[in-house]
Amino acid sequence: MKISRTVATATGAVALLMGSLAATSASAAPVGDAQLQKNVTAFKALHPAAKQIDADTLKIPGGTVTIPGKDAANTAAISCSNLHLCIRDGNGNYYDFYNCGYFSFGGVGNGEFNNNQSSGTRARFYNSNGSERWSNVAKDTGTASWTPVYYIRPC
């Protein structure tokens with residue numbers, strides 16, 4: 001009887017320790033997680049076709065969008081894989097288009113683009129009525145106001 005009481009006490013102590021470690025681990029999560037989830041949820045509400053594939057990344061028609069955990073937009077130049085069109089909008093959302101087509105776009109505010117598609121490929125940006133607003137020939141980088149852009153044709 002004494003042995004089983006000791007085992008039960010040791011088992012209880014281990015469970016208590018494990019629970020304490022789990023609680024410490026959960027409380028050590030990055031502070032931005034709640035804001036990130038809020039931003040992802042808000043994006044998905046506005047873009048029903050977006051499918052979450054990672055904590056901060058969603059698959060959208062034509063590519064992906066990465067949502068920042070904080071609202072501060074990064075002003076550094078954006079990198080972009082070869083043959084891709086990348087955009088960072090005024091909310092810091094990072095769009096990576098790697099498929100050709102005509103896609104809805106929900107970017108807002110002022111931001112940057114990196115048209116790193118094959119040289120001479122023209123990316124087109126459209127108004128709400130489908131008329132072309134402006135275009136850009138690869139390879140090029142720059143800044144733009146995304147609020148009036150409703151559709152994008154990367155190539």
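This is a predicted model: local features need pLDDT of at least 70, side-chain atom pairs count only at pLDDT 80 or more; totals for chains, interfaces and linings use all residues.
The buried residues are Leu-36, Asn-39, Val-40 and Phe-43. They cover an arc of only 100 degrees around the axis, so they lie on the same side of helix 2.

Which exposed residues does the face turned away from the buried side carry? Ala-34, Lys-38 and Ala-45 sit there.

## Helix 2 geometry

Helix 2 covers residues 33–46, 14 residues in total. At 1.5 Å a residue, the helix should span 20 Å. The C-alpha atoms at its ends are 20 Å apart, so expectation and model agree.

## Strands 1 and 2

Strand 1 takes in residues 51–52, and strand 2 takes in residues 57–60. The two pair in the antiparallel sense over 2 bridges. A hairpin of 4 residues links them. Gln-52 has Leu-58 of strand 2 as its bridge partner.

## Strands 2 and 3

Strand 2 also pairs with strand 3 (residues 63–66). The sense is again antiparallel, over 4 bridges. Leu-58, the partner of Gln-52, stands opposite Val-65 in strand 3.

What lies between strand 2 and strand 3? The two form a hairpin with 2 residues between them. Gly-62 is in the turn and has a positive phi of about 95 degrees.

Key
Residues are numbered from 1 along each chain as its sequence is written. Side-chain values use heavy atoms; hydrogens and water are left out. Two strands pair if DSSP finds at least two bridges between them. The expected span of a helix is 1.5 Å times one less than its number of residues. Buried means under 20% relative accessible area, exposed over 50%, partly exposed in between (1.4 Å probe, protein chains only). The arc is that of the directions from the helix axis to the C-beta atoms.
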